[in-house]
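User: I'm new to this one. Could you walk me through it?

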Amino acid sequence: MTKGKKFGMYLFLCIVSFISVFPLYWMVSAATNKSAEVVAGRLIPGGYFFENLKNLLANQNVGRALGNSFKYAIILTIISLIVSSLAGYGFEIYHDKAKDTVMSIILLAMMVPFVATMIPLFQMFSTAGWLNTTIGFILPTVSTPFLIMMFRQSARSFPHDIMEAARIDGLSEIRIFFQMFIPTMRSTYAAAMTITFMNAWNSYLWPKVIMTDSTSQTMPMVVANLTQGYVTDYGMLMLAVLICTLPTAIVFFCLQNAFAEGITGAVK
Amino acid sequence: MGKPKKMTLSRKHNFTGWVFLAPGAFLIFVMSFVPMVRALLLSFKTGVGADMKPCGIMNYTRMFQDAVFVQSIKNTFFYLIIQVPIMLIFALILASILNNKNLRFKGLFRTMIFLPCATSLVAYAVIFRSLFANNGIINLLLVNIGILDQPYSFLTHTWSARIVIIIALLWRWTGYNMVFYLSGLQNIEYSVYEAAKIDGASAVQTFFKITIPLLKPTILLTAIMSTNGTLQLFDESVNLTDGGPANASITMSHYIYNMSFKYVPNFGYAAAMSFLILVLVAVLAFLQMKVGDKRD
């Protein structure tokens, strides 16, 4: 490659990276500045963080929303991982014609858009008394075709000799799953965990439908609430956005490879 | 070991398999297929709340005379046709650059371009709304370097509002798709590229003759996923432009939400509109798979 071409390539990557990072940098810097300074174009972090935090806490119940979001997302992730991995394992390890047919029907559910099921789900859940509850939040997405497919793919690499040996040793099928499959598939679980947690944390349409009471609102809903109004306090708003982004950003930085594997996981 | 005993053993395992997959399969059945059928039934009814009466196909004829719904279809397809191809091509170019073995700071570039995926949809919509606000930094920049005389209200003009949504979508999802291509490219032997280089193929030729054909299944998958996602676009329309100005940037899902939970609820009509999205998703996925097959 010529020197000019090489320079052009790096320049291109730098510009794209800058565009990718700048809005997030701006968010962080705005969260620490006074709204008037943000509007004036100040791009260096300032000392107004605690003032913004005070305003934000006076305006919205951020602690409660954070607690709700963590509660919903963590419970959803744990149950989802157990249910989906059991199903994926069941489909692959004990597969036969009937189970393969069921699997292909399940895959069709991937094509069902959420808006098409949202209204009947809302009706079903309000009859069941599940509005504003954790179970109401988690049920529609606790078992997804995507995760089942992902665990089914990974179960393919689970060695059969080990299973046979375990059976001869007298281990029950469920104990083989918990004591041998789960520990071997740690990386698949990490990938599934990141993707499920992020989706749960970020979900907005379903909580907006089902969390009718302000006491059960999630963090993204609180951020959306803050934009309603005539004058925007950018410092306060961006602090809320920052708080909403931090948990997923931490997961992203700690488990970036698991996350990348998570989104592409079922494809391989 | 006798034959009968083996039979019972495998039958037992067969049953164990069903027990393992039952909770997951049952939940998908109850949470996806049952509501889907109920939505279809609901779409032939009209009324408020529990007081629903059959109305034939009235909901379906109504939606094509509903100016706002027709507008929302046009908007959604505008986002789909403009944004998805640009995003996928861009993601492909970035992935093939980052796949270069001699590139320095590869991990750093990848992380930075992938970083927008760490933000929630509501969060980035609000960030872009602030960046493009009248007193936002984009206006400040454009006025200061002399492109604009005075701040332009991006979010209250029809076309600029739509374009801001497209810019925001590109920002959020390009890195996401790039990761798919990167993982696809890792499965291509590097020697293929080396051989092409020795044969004197240019970077452009390599891209079109090797990268694209070998990544075809991944491209097809990302195209289907992006189409599916764009047809269901909601968070951005609500939090970036609030569908405005005057519904000029509203998406189908946003309008269905408004029809169900914001205005006087009309679940029958909303269900009919949501069923149209279901049909569109299915038809477009089918078409894409057909096109994907043909190029073989």
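This is a predicted model: local features need pLDDT of at least 70, side-chain atom pairs count only at pLDDT 80 or more; totals for chains, interfaces and linings use all residues.

User: How many residues of α15 in chain A are buried?

Analyst: Seven of the nine residues in α15 (residues 256-264) of chain A are buried, and the helix is mostly covered. The buried residues are A:Ala258, A:Phe259, A:Ala260, A:Glu261, A:Gly262, A:Ile263 and A:Thr264.

User: You mentioned α11 of chain A. At what angle does α8 of chain A pack with α11?

Analyst: Helix α8 (residues 145-155) and helix α11 (residues 186-202), both of chain A, pack at about 170°, and 11 Å separates their axes. An angle over 145 degrees counts as roughly antiparallel, so α8(A) is roughly antiparallel to α11(A).

User: Which residues make that contact?

Analyst: From α8(A) there are A:Leu147, A:Met150, A:Phe151 and A:Ser154, and from α11(A) there are A:Thr188, A:Ala192 and A:Thr196. By class, the contact of these helices has four nonpolar residues, three polar and no charged ones.

User: Step back a bit. What is the secondary structure of chain A?

Analyst: Chain A has 15 helices and zero strands. Its radius of gyration is 23 Å, well over the 18 Å that the globule rule gives for 268 residues, so chain A is more spread out than a compact globule. Along the principal axes, the C-alpha atoms of chain A fill a box of roughly 70 × 65 × 35 Å.

User: And what share of chain A is buried?

Analyst: Of its 268 residues, 47% count as buried. As for contacts in chain A between residues at least 6 apart in sequence, 78% of them join residues at least 24 apart.

User: On to chain B. How many helices and strands are there?

Analyst: Chain B has 13 helices and two strands. Its radius of gyration is 25 Å, whereas a compact globule of 296 residues would be near 19 Å. The C-alpha trace of chain B spans about 90 × 75 × 35 Å along its principal axes.

User: What percentage of chain B is buried?

Analyst: Buried residues are 41% of the 296 in chain B. Among contacts in chain B between residues at least 6 apart in sequence, 70% join residues at least 24 apart.

User: Into which domains is chain B divided?

Analyst: Chain B has domain 1 (3-58) and domain 2 (66-294). The centres of the two domains of chain B, taken over C-alpha atoms, are 33 Å apart. Their contact takes 10 residues from domain 1 and nine residues from domain 2.

User: What elements of domain 1 are on that side?

Analyst: In chain B, α1 (3-42) and β1 (45-48) each give two or more residues to the side of domain 1 that touches domain 2. The largest share, four residues, comes from β1(B). By class, this side of domain 1 has six nonpolar residues, three polar and one charged.

User: How many residues are in contact between the two chains?

Analyst: 67 residues of chain B are in contact with 65 residues of chain A. On the chain B side, the largest share comes from α1(B), with 19 residues. The side of chain B that touches chain A has 46 nonpolar, 18 polar and three charged residues.

User: Last topic, loops. What lies in the one between α11 and α12 of chain B?

Analyst: B:Ala246 lies in the loop between α11 (235-241) and α12 (252-262) of chain B, and B:Asn247 is found in that loop as well. The phi of B:Ala246 is near 50°, a positive value in a residue other than glycine. B:Asn247, not a glycine either, has a positive phi of about 65°.

Notes: Residues are numbered from 1 along each chain as its sequence is written. Chains are lettered from A and ligands numbered from 1 in the order in which they are written. Domain bounds come from an automatic or database domain assignment. Two residues are in contact if their C-beta atoms, placed from the backbone, lie within 7 Å. Ala, Val, Leu, Ile, Met, Phe, Trp, Tyr, Cys and Pro count as nonpolar, Asp, Glu, Lys and Arg as charged, and the others, Gly among them, as polar. Axes are lines fitted to C-alpha atoms, for helices over the stretch in contact, and angles run from 0 to 180 degrees between N-to-C directions. Angles under 35 degrees count as roughly parallel, over 145 as roughly antiparallel, 65 to 115 as roughly perpendicular and the rest as oblique. A residue is buried if 20 or more other C-beta atoms lie within 10 Å of its own, exposed if 12 or fewer, and partly exposed in between; C-beta atoms are placed from the backbone. The radius of gyration is taken over C-alpha atoms; the globule rule is 2.2 Å times the number of residues to the power 0.38.
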